[in-house]
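Subject: Structure for you to look at

Hello,

Here is the structure I said I would pass on. Please open it first, then read my notes below.

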Amino acid sequence: MIIAIDGPAASGKGTIARQIAAVYGLQHLDTGLLYRAVAKAVLDAGYPPDDVEHAIAAAITLDPAKFQDIALKSQAITEAASVVAAIPQVREALMNYQREFATRPPGAVLDGRDIGTVIAPGADVKLFVVASPEVRAKRRVLELRARGEAADEQEVLADLLRRDERDSRRTAAPLMQAPDAHLLDTTHLGIDAAFRAAVDIIEAVRAGRKRR
Ligand code: CDP
């Protein structure tokens, strides 16, 4: 089984993806880490994130062993990730890794922006997870502070909105809901309720019922 979970920044897709993978016994890939790792490699080498040549080279030589690096979650890398992610050749270089991950037994949950539209258009279940910008900013602030990073709510909100806009407007695999994806709005849902709502959708799809 392949489950595709897409959505804007800090919508809760990562948390849902991890929990869903655990309960269904599937592998989980946070595909944002790939773009973050590319961005970090480019910045570490002293180039700006829109340096197309170096970004492509970093994508081609990507080392998944580095996905655990906590530095990938910093705000500077987050911003740079959405810049390298707009480069079509970077996305192309990262495609095989994601598709192979998705099709390897026993199956996988992938979360990102283009999983249901580009990486796994034939996924068994597709979720598009959204939440209001204000709620997403609040959640991201808590995450950042929990990791010891200073975070101002208004700044975080502005960052999220700028990134959403860049991710939605780019021509290469923009952030959008696949026509057959099920919308899950977590604005008023805590972690447990969001997880249960996701399971309900997955079970309904598996039972052959159609739900939106
Ligand atoms: O956790 P958050 O949603 O803030 O970020 P993320 O999922 O790690 O993604 C970071 C950036 O990578 C996004 O802003 C996108 O530009 C890019 N990305 C993408 O283009 N395609 C994906 N499948 C995953 C992430």
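One term is needed before the rest: a crossing of two helices is left-handed if the near helix is turned anticlockwise from the far one by less than a right angle. Please also keep in mind that this is a predicted model.

The helix pair

Helix H4 (residues 75-84) and helix H9 (residues 153-169) cross in the left-handed sense. On the H4 side the contact is formed by Gln75, Thr78, Glu79, Ser82 and Val83. They meet Val156, Asp159, Arg162, Arg163, Arg166 and Asp167 in H9. Sorted by class, the contact of H4 with H9 has six charged, three polar and two nonpolar residues.

The sheet

Five strands form an open sheet with parallel pairing, in the order S2-S3-S1-S4-S5. Which strands stand at the edges? They are S2 (27-30) and S5 (182-185); each has a single partner strand, so one side of each is left without a neighbour in the sheet. From one strand to the next, the twist averages 20 degrees.

Strand S4 (residues 125-130) runs parallel to S5 and is joined to S5 by four bridges. Val130 stands opposite Asp185 in S5.

Helix H1 (residues 13-24) packs on the sheet and touches S1 (2-6), S2, S3 (108-112), S4 and S5. The direction of H1 makes about 180 degrees with that of S3.

Regards

Technical notes: Residues numbered from 1 in each chain as written. Predicted model: local features only at pLDDT ≥ 70, side-chain atom pairs only at ≥ 80, totals over all residues. Heavy atoms only, no water. Pairing = 2+ DSSP bridges. Helix = DSSP H or I, 4+ residues; strand = E, 2+ residues; numbered from the N terminus. Axes fitted to C-alpha atoms, helices over the stretch in contact; angles between N-to-C directions. Contact = heavy atoms within 4.5 Å. Nonpolar A, V, L, I, M, F, W, Y, C, P; charged D, E, K, R; others polar.
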